[in-house]
Amino acid sequence: MRLEGLIKGRSGVGVVLALVCLAIVVTVSILSATVTFVKPKTPAKDAWAAAVSEGEQLFNVKKLLGLKKSCAECHTVEGGGLEGVARTYPKYSEAVKKVVTFGQRINYCVIATEGDPLPWDSDDLTSLAAYISTLE
Ligand code: HEC
């Protein structure tokens, strides 16, 4: 009697376990049939690309920075190229007779073009610097 009860009890547990397994298998197969796998994201690459593209727009469209002229109006003409300059900073600037950062140098042009200097930690200044650093 006791043994029979035990066997019955065990097989009851077995049935429950089998049902749970079946449920898991069915759920997984439904999910894998409906879920489309997205490409893994690389946040650093995305953030860099976004900053460069934002900087390019700021550089080319004067109204974005509220300037009298866009950066591009002066810096695409002959002699105004900024290729390779980003990596030369910080450096001594003849104009202010001291060593300045790239951000400060950008702001001298902003001020000269009657704009308000961009805060050193602003996304706009960072994006402009990122974009210019891609010009080779
Ligand atoms: C009115 C014309 C004018 C505008 C507009 C202007 N710049 Fe300039 N920028 C100059 C001149 C002139 C220089 C000095 C070039 C030199 O030193 O050979 C200069 C120098 C620079 C330099 C330093 C280059 C170096 O060789 O180290 C940077 C960086 C720069 N500008 C960025 C900008 C950015 C960013 C903007 C837009 C926010 C901008 N400029 C708008 C005329 C302008």
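Me: Which helices each supply at least two residues of the shell around the ligand?

Reply: In this predicted model, helix H4 (71-75), helix H5 (102-112) and H6 each supply at least two residues of that shell. The ligand is surrounded by 15 residues, and the closest are Lys 69, Cys 71, Cys 74, Val 85 and Cys 109.

Me: What makes up the shell around the ligand by class?

Reply: The shell has ten nonpolar, two polar and three charged residues.

Me: Why is Leu 82 called partly exposed?

Reply: Leu 82 has 17 C-beta neighbours inside 10 Å. A buried residue needs 20 or more, and an exposed one has 12 or fewer; Leu 82 therefore counts as partly exposed. Leu 82 is placed in the loop between H4 and strand E1 (91-93).

Me: Which residues is Leu 82 in contact with, leaving aside its neighbours within four places in sequence?

Reply: Those residues are His 75, Ile 132 and Leu 135.

Me: Which residues form the largest nonpolar core?

Reply: That core has ten residues, namely Leu 58, Phe 59, Cys 71, Ile 106, Leu 118, Leu 125, Leu 128, Ala 130, Tyr 131 and Ile 132.

Me: What is Leu 58 in contact with, beyond its neighbours within four places in sequence?

Reply: Leu 58 is in contact with Leu 64, Leu 65, Asp 124, Ser 127 and Leu 128.

Conventions: Residues numbered from 1 in each chain as written. Predicted model: local features only at pLDDT ≥ 70, side-chain atom pairs only at ≥ 80, totals over all residues. Core = buried A, V, L, I, M, F, W, Y, C linked by C-beta atoms within 7 Å. Contact = placed C-beta atoms within 7 Å. Near = placed C-beta within 6 Å. Helix = DSSP H or I, 4+ residues; strand = E, 2+ residues; numbered from the N terminus. Nonpolar A, V, L, I, M, F, W, Y, C, P; charged D, E, K, R; others polar.
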